[in-house]
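Let's take a walk through this protein together.

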Amino acid sequence: MTISSLQYFALTIPDVDAGKQFYADFGLQARDEGERAILRCDGREQDQVILLEGANRRMHHVAFGTLANDLADLKNRLEAEHTALIDAPKGSDGAGLWFHDPDGVLISVRVADSAPWRTAPEWKINTPGHFSRIGRPGHPRRDARVRPTRLGHILRFTPQLQRMIDFYTRVLGLKLSDRAQDIVAFLHTRGGSDHHVLAFLASDRPGFHHASFEVANVDEIGLGACNMLDKGYNDGWGFGRHVIGSNFFHYIRDPWMSLAEYFCDIDYIAADSDWKPTNYAIEDALYVWGPKPPENFGINFEANG
Ligand SMILES: [Fe+2]
């Protein structure tokens, strides 16, 4: 075992205040810490997004949690791979091991648990032959504010899909969940995990594609998506259901052409699962149903260099 949780991701963006506003509109809670903005999910004591000022929108670093015993093993494995450990960047919390992954993205692995998140009441719905909600209306309040419960996963572009799968499984201890040919691959943690906490999409260069946040049910996906449309974030993709991971989704494009996803009902892989990765056909890489994805959905907008 090595990585046991995704803790947070950090982006540089040209306008931290606008980034804070985007994620606050999305339903996260923002606070300033010096030059940086920190976003959390309501009710969860864990940073989820860190925004730093920079000329371009770029993935700055990704932080994972591990157990104390595993940190020393990881250090040995990184040394065996000739992956140099480096000092924590200025202004960071400095925790754990810091290094660059094969795509040159800064990674931190620290001793940290996955902090508990808000639960939601069981979603009672009526389906053919199963009346689970009797005698009361099922519709949500129109003015319900959508507050994601947790960061679920991030998807990154990579120019070397197989090498990234190898590094994150063999060295960092994640497991392959499923993939679609040489296009996209999804990874989970070993100790009981969402179907994916980290995924990679083939591209000509590294980059950040999207981060995904869990909400209670499909009503909250719809309410959140409509709220973002009302606030002027017109680009995105959804409502739909993925094949790989099975989650319902709606994506909203941020002002820097990356995406934030609302999701619910993702597949779960237990610690003792005999889950076998499937290599899906390319036409299954994206979705079962939903509107056609916009042409720019899979474009890597991250600046070169
Ligand atoms: Fe996603």
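## A patch on the surface

Phe239, Val288 and Trp289 make a nonpolar surface patch of about 280 Å². Residues count for a patch with over 30% relative accessible area and no salt bridge, and nonpolar side chains are joined within 5 Å. (A salt bridge is a Lys or Arg side-chain nitrogen within 4 Å of an Asp or Glu carboxyl oxygen.) Val288 sits in the segment after β19 (268–269). With a relative accessible area of 53%, Val288 is exposed, as that word means over 50%, while buried means under 20% (1.4 Å probe, protein chains only).

A word on the source: this is a predicted model, where local features need pLDDT of at least 70, side-chain atom pairs count only at pLDDT 80 or more, and totals for chains, interfaces and linings use all residues. Residues are numbered from 1 along each chain as its sequence is written, and side-chain values use heavy atoms, leaving out hydrogens and water.

## A pair of strands

Strands β16 (residues 236–241) and β17 (residues 248–253) run antiparallel, joined by five bridges. Strands are DSSP runs of E with at least two residues, numbered from the N terminus, and two of them pair if DSSP finds at least two bridges between them. Gly240 has Phe249 in β17 as its bridge partner. Six residues lie between the strands of this hairpin, and Gly245 there takes a positive phi near 100°.

## The iron site

Which residues coordinate the iron ion? They are His153 (NE2), His210 (NE2) and Glu261 (OE), at 2.0 to 2.1 Å. Donors are N, O and S atoms within 2.8 Å of the metal (3.2 Å for Na, K and Ca); water is not among the atoms, so sites may look incomplete.

Along the chain, the donors follow the spacing H-x56-H-x50-E. His210 in strand β15 (residues 207–214) and Glu261 in strand β18 (residues 259–264) are 51 residues apart, so this pair links distant parts of the chain. Both His210 and Glu261 are buried.

Methods
Helices (H or I, at least four residues) and strands (E, at least two) are DSSP runs, numbered from the N terminus. Patches are made of residues with over 30% relative accessible area and no salt bridge: like charges are joined within 9 Å, nonpolar side chains (Val, Leu, Ile, Met, Phe, Trp, Tyr) within 5 Å. Accessible areas come from the Shrake-Rupley method with a 1.4 Å probe; for residues, only the protein chains shown count as cover.
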